[in-house]
Amino acid sequence: MADPVAAMCEQLIKAVNVMMDAESNQRYRLEALKFCEEFKEKCPFCVPCGLQLSDKSQAAVVRHFGLQILEHVIKFQWNSMPQQDKVHLKNCTMELLKNGTYPILEEESHIKDALSRIVVEMIKREWPQHWPDMLKEMETLTSFGVVGFEHCHTELVMLILLRLAEDVITFQTLPMQRRRDIQQTLTQNMDGIFTFLLTILQQHVDEYRRLAKAHCRVGIATLNTLAGYIDWVALIHITNENCHLLEILCLLLSEPELQLEAAECLLIAISRKGKLEDRKPLMLLFDDVAMHYILSAAQPEGTGHGETRYTFLKRLCQVLCALGSQLCALGSIAEVEVPGNLNKYMEAFLAFTTHPSQFLRSSTLTTWGNVFRHEVLSKDPVIVQMAIKYLKATTTNLVKTGFPSKNDSPACEYARVDFDSDEDFNAFFNSFRAQQGEVIRPACKIAPLEAFQVAGEWLQYQINTPLDTGNSKSGEGFCSVLSPSVVQWDAMTFFTESVMGQLFKILDKEKLPVDQGMELLQAVVNYETRDPLILSCVLSNLSTLFPFILHQPQFLPKVFYKLFPSITFEIAPRTRAVKNVRRHACSSITKMCRDYPDFMMPCFDMLYMQVKKLFANELLLTQMEKSALMEALVLLSNQFKDYSKQKAFLEEHMASVTARWLSGEMRSVLWDPASFLAFVGTDQVINEPGSEDQMGINRSRISFCVYTILGVVKRARWPTDLEEAKAGGFVVGYTSAGLPIYRNPCTEPLLALLPNLLALIRTHNSLYLPENQARLSETFKRAYDVMDVEKNLILAIPQPVLDVYDSPVYKSSLERMQGFFCTLYDNCYHVLGNAGPALQQDFYTIEGLAEKLLGSALIHLEHVPDHRLRPLLHILCKMPSSGQWCSELYHLLCPLLGLLFSHLLQVNFMLSMENNVASLSQRTAMMYLFRDKVKHGPYKQYLRNALFISALLQRLNLRWQIINQRTSDMYMTLLAISFNSLSWRDTTNCQRAATLVCWALLRQVPEMALHHRKLFALVLSALQMHGQHDGCNAALTQLALLIYDALRPRYVELRAIMNQIPNIHPEHLEQFDQKTVDPMLQKVGEKKRKDQFKKLIAGTVGKPLGQQFKKEVHIRNLPSLFKKAKPSKDIVSDSTKAGLVELFSPEHDDH
């Protein structure tokens, strides 16, 4: 047999060389690969050839292939091999471990890895039952061989033990019984394993300190192996001998070659969960010696900071964070005292918080927050002082510096390691800043006055510091978004908002630093700047400090004099920064009127006059700015608490809008799509990008009318106090349940405007008809498309970082038109959504309301784009927020929801068909992703609201036996959409639908399970698509079981569906089915029954694409070593040991 083996080995060597040669032809490489794979599957000489090719006299690639052959034999042929062949292969493998490798520094790492895999595969199949001395053989191997080779043997043993732990514990690649046998045997021998590992580590670390590189390699391997065990062994093994293991790991932090692996082990050990009592010994790490080694390792080295050193610092920072977590967990136990050197630990932690790396700074935030919120630690004097230091450090950390593309900060070098681009860094920093805000708040609770002092000093410093525009390209010396002054002002503003927000919550009025706060407010009001980015920050600080005015009302006019010029702030060209300043000023006034209406009420007349002056010039303000100011006035009018007075004000306030909205010209425009398109200018051709848009004024007038209607319906309300409402004439009666019926002073003005609003909605839906799309000029052909901003939000594409505020608000006529249609459409539906809560019975009792909404909001849905359905679904579920008008709600909702859900079901079917043929399309991946997200958006909105709709119908007492055919069809549509959505290519959606929606709908109408076969099949189909995901698998299995339990007793067809599941066991199904159908049979526990059902339907679970063509590995179970003996049920057989017998024995007579 030697000749054929040698000949085959020669061919295999040639094939391997062809495959690995970069110069080989692709055809020859594929042929060589095919030959090698066929050899492994069919050739009877696999073992002798593998052993011969694995000889260390061969080239490394050949040896590796030989070891792969042996691994393949063990994985796929072990079960059919004769016992003597198994023994032979095992002995040969052990011989390879002893004599088949080069010294540790010469041997290739992939050879050692392949050798360890072979041994582990045998261990998984034979240990401990058939290979009881495996651990002893491994230990013996570490001391075998001539000088220089024993290190390689030891490293191989470490690799074997590590891979064994990973396969059994981490990846769990074995059958349950084999995994249990091996894990329990490892646990029984863990004392010996840990003693062995620590001995090896100590021995080789001592040798390594004598500059022996080979020992360093063994030390690294041993630490990696320890890391694989520390995560799951009993804590006693980690804390044994007064935490000797942790002591060794702390010592190794000072060894440059071993410190990273030691930090990994230490991190895993300190991060262990479990009983608090068992974790007490971990507090030894706060002792002076351990803390000294940890802090010494964090000290900067003279060689600079390479990537390896930086990685180690990350791990060390995680170690300190884990220590903090243990401190917070154990700090609540009375027996555990606060460490005496807590200050040393916190100083070290603060050092990481002030490190130049933004990533290291962010890593500390969770621990800071936990410490500041801790009931015991937060009161410790050390933590109080640290809170102040942290707040001061935050003033640096909040400044956005360290972009990878720049070199203006020490953080830039670290950022180039952590982030691929400026966009990545920007997204990270936004999250980082938000996290800092969450930590600043509890820190302020600990030291509120000190936090106020830090904020005040920083604000005063920025006010007194001249502006630094840096390398800004903006004209007239203005700052850009990354100018030094802007990033400083922006950071200071965020800090001040975080501090002041807490200050007014936690301090009593008597303790508030009113004088200092008013001094800061005076400084902000007196600060003058024409830079829009800085001015926006100034306005933010003005709003933040505004509550101080409550104590000195005479200062209020000065605030208004600061705000009103900002409303009309203008520099050419109008950039996004200018737009933000104007909006910011308007929003500040609205916020003041919303939060402090009683305080602002004396200034109502002055505010009203200022707004009138601003509105006198139609082109002075944008429609959104006008709307914000009008909302402020409406909010203040709520404080009239007099129905007649407020109604008169609203009528006067809306007089100009009402006149324009109800004019004959506007009526002709709103009711006719062709006139509407001509009125807004979509039929015009604009050849030059900079030319003036003649119809822009018409669009702004329509927008202003809708903005005004929306502002009034959102803000106009009756008094919250019932007595005040009755005195003011807002209460018109009471319901049968005794609840008051209110009237809104804006009802009459709004109801007069509603017909034209509905006409506008109908016209807007009609714009998507082909004949109306044909009326669009070439310039505006894409006017109905999704805006680029919306598209980027849907696709989660980050906005550009640089100079975003220096760009024009809209770049083209097309973008302005797209913005107009998008905003107008959303606002119209928001008006409808707010009309129900605002007008209540006056809205729901409008004659023919359902027909009017069907003829406007729900007309031509087959032509309306999918991305426009989301606001429609939202408002339909927002309208019935009051449960007092059940009958009106029923007559309103049923036709609306019935038509809408029928449309969704139809589009859902088309979407499923498109998904099936999507692979045949030539669309780009980005466009396909976008369309997929846009199309699924409305259905996700539906799923979020489906439970609400179902609960609403149930609240209206619409039991299934009494509802009519129209509601029946709607319920069936609800069920169809919900169950079809289970098979979308969206695991989150699937899990939500299966958990929250499907069964909640079906159980309300069990008599409607006429389509039970289809519904049950849809759930099984979803398992085929999503069953490989644990979350979806659990949700879908539970849903299938609920349906089967509820419907199987009445519908035997479900049994036929179960019989079609691949690889199902008929006898197991019969047993399960009988227990389901016959209630008299003994029921098993819920968990056991669920496990039985899960095994029955396991054949429906689909595999991930990467696993579908993978050859399965079968590992046979061996006789279990740990079977528990079943207790005897014969209570008489061993009666001499029975407790009662002993109790009544003669020996007890004297007692």
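This is a predicted model: local features need pLDDT of at least 70, side-chain atom pairs count only at pLDDT 80 or more; totals for chains, interfaces and linings use all residues.
Local features need pLDDT of at least 70 and side-chain atom pairs count only at pLDDT 80 or more, while totals for chains, interfaces and linings use all residues. Residues are numbered from 1 along each chain as its sequence is written, and side-chain values use heavy atoms, with hydrogens and water left out.

Let me begin with the salt bridges, of which the structure holds 39, a salt bridge being a side-chain nitrogen of Lys or Arg within 4 Å of a carboxyl oxygen of Asp or Glu. One of them joins the side chains of R117 and E71 at 3.0 Å, N to O, and it links distant parts of the chain, with R117 in helix 6 (residues 109–126) and E71 in helix 4 (residues 60–77), 46 residues apart. Helices here are DSSP runs of H or I, at least four residues, numbered from the N terminus.

R117 is buried, with a relative accessible area of 17%, and E71 is buried as well, at 9%, where buried means under 20% relative accessible area, exposed over 50% and partly exposed in between, with a 1.4 Å probe and protein chains only. Both residues belong to a network of salt bridges that links E71, K75, D113, R117 and R163.

Further along, the side chains of E631 and R715 meet in a salt bridge at 2.8 Å, N to O; E631 lies in helix 31 and R715 in helix 36 (residues 696–715), so this pair ties together parts that are 84 residues apart in sequence.

Technical notes
Helices (H or I, at least four residues) and strands (E, at least two) are DSSP runs, numbered from the N terminus.
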